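Biologist: I have a model open and want to learn to read it feature by feature. Where do we start?

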Amino acid sequence: MKIKALTAIAALVAAPVAFAGGADDDKLVVNGEIEMVTKAKAPAHMENVDEVISGWHFRTDETQALQMDDFENQGMIFADQGLDAWNTVAGTEDKSCASCHGAPEDSMVGVRAVYPKWNDDAGEVRTMAMQINACRTENMGAEPLKYTSGAMANMEALIAMQSRGLPVNVAIDGPVAETWEKGKELYYTRTGQLELSCASCHEENYGNYIRADHLSQGQINGFPTYRLKNAKLNTVHARFKGCVRDTRAETFKPGGPEFIALELYVASRGNGLSVEGPSVRN
């Protein structure tokens, strides 16, 4: 039965795109005032897609409505917890995030839109999670947060919401180019018993039904994301890990170089879409 189930999934994903549950034409406006760009012309570096589409368009009307009102968006509860952590003194330096950055609504506007990005001082591509931990360890003398932990997701949600409505604008050239190319290679490499790549689902078959749901383009402009499936806030690398696991492959480590490269590449595929996090998905 297990082999038959795997075969059925592989056959479904390999089927021609039918758009049985494809993107709708609804408009996302949060709290009646934050207008989101949820469809945009594909960035010039994308080769096989003409239009980039937020995952919000592939959800049911009921799920979409949850994200349109902060009082209904369960992810906002975790962003509030992130704010508590932001103002909490921790570490040997007796500092909080607020000690250096002040209020997040003043200092974090636009931050989520450009990550992952190159850090000159560290000489590396950093995700937002990496930068959060660098601030904790280097400036606060505090312990780093576990990469996909609830505490990390909460802080990412707090920072992301300050950029809601702003366009994703992740750089792919200059010192990040090599990492971006590695991420692109990972995106198109088939892995696992099902021999699927990210592109197999999210580029070749978005809109097709699978497991009583339908595939989106896999955009990450809405992360961290509150998923109704597991009733918690989910980070990008946790979702990557789940996707790789679903191909029946050995997954990479969250926070490791493979997922950092993949995040850079996937984030750049959403350039032009609005930052939505914390979003709501199935």
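This is a predicted model: local features need pLDDT of at least 70, side-chain atom pairs count only at pLDDT 80 or more; totals for chains, interfaces and linings use all residues.

Biologist: How do strands of a sheet pair in general?

Modeller: They pair through backbone hydrogen bonds, in a parallel or an antiparallel way. Here, take strand E9 (residues 225–227) with E11: the pairing is parallel, over 3 bridges. For a landmark, find Arg227, which is opposite Arg281 in E11.

Biologist: Now helix packing. At roughly what angle do the axes of H3 and H7 cross?

Modeller: Roughly 100°. The axes of helix H3 (residues 75–86) and H7 come within 7 Å. An angle from 65 to 115 degrees counts as roughly perpendicular. H3 and H7 therefore are roughly perpendicular to each other.

Biologist: Which residues of H3 and H7 meet?

Modeller: From H3, the set is Met76, Phe78, Ala79, Gln81, Gly82, Leu83, Ala85 and Trp86. From H7, it is Asn154, Met155, Ala157, Leu158, Ile159 and Met161. By class, this contact between H3 and H7 has 11 nonpolar, 3 polar and no charged residues.

Biologist: What about H10 and H11: within what distance do their axes come?

Modeller: Within 11 Å, for H10 and helix H11 (residues 257–269). The crossing is roughly 100°. That makes H10 and H11 roughly perpendicular. Val236, His237, Phe240, Lys241 and Val244 in H10 meet H11 residues Phe259, Ile260, Leu262, Glu263 and Val266. This contact of H10 with H11 counts 7 nonpolar, 1 polar and 2 charged residues.

Biologist: On to empty space. What shows where it is left?

Modeller: Rolling a probe the size of a water molecule over the atoms. In this model there are 2 cavities of 30 Å³ or more. The largest cavity holds about 140 Å³ of space.

Biologist: Which residues are closest to the centre of the largest cavity?

Modeller: Met128, Ala129, Glu156, Val236 and Glu263, out of 13 lining residues. Helix H6 (128–140) and helix H10 (236–246) are the elements that give two or more residues to this lining. Its classes are 7 nonpolar, 3 polar and 3 charged.

Biologist: Last, an open space. How much space lies in the second largest pocket?

Modeller: About 260 Å³. His101, Met108, Gln131, Ile132 and Cys135 are the closest to its centre, among 17 lining residues. Helix H4 (97–101), H6 and helix H7 (150–161) each give two or more residues to this lining.

Biologist: Which element gives the largest share of that lining?

Modeller: H6, with 7 residues. The pocket lining as a whole has 12 nonpolar, 4 polar and 1 charged residues.

Conventions. Residues are numbered from 1 along each chain as its sequence is written. Side-chain values use heavy atoms; hydrogens and water are left out. On a 1 Å grid over the protein atoms alone, a cavity is a set of points where a 1.4 Å probe fits but cannot get out, and a pocket is an open set with protein on both sides within 12 Å along at least five of seven lines; lining residues have an atom within 4 Å of a point. Grid points are joined across faces, edges and corners, and a volume is the space filled by probe spheres set on the points. Helices (H or I, at least four residues) and strands (E, at least two) are DSSP runs, numbered from the N terminus. Ala, Val, Leu, Ile, Met, Phe, Trp, Tyr, Cys and Pro count as nonpolar, Asp, Glu, Lys and Arg as charged, and the others, Gly among them, as polar. Axes are lines fitted to C-alpha atoms, for helices over the stretch in contact, and angles run from 0 to 180 degrees between N-to-C directions. Angles under 35 degrees count as roughly parallel, over 145 as roughly antiparallel, 65 to 115 as roughly perpendicular and the rest as oblique. Contact means heavy atoms within 4.5 Å. Two strands pair if DSSP finds at least two bridges between them.
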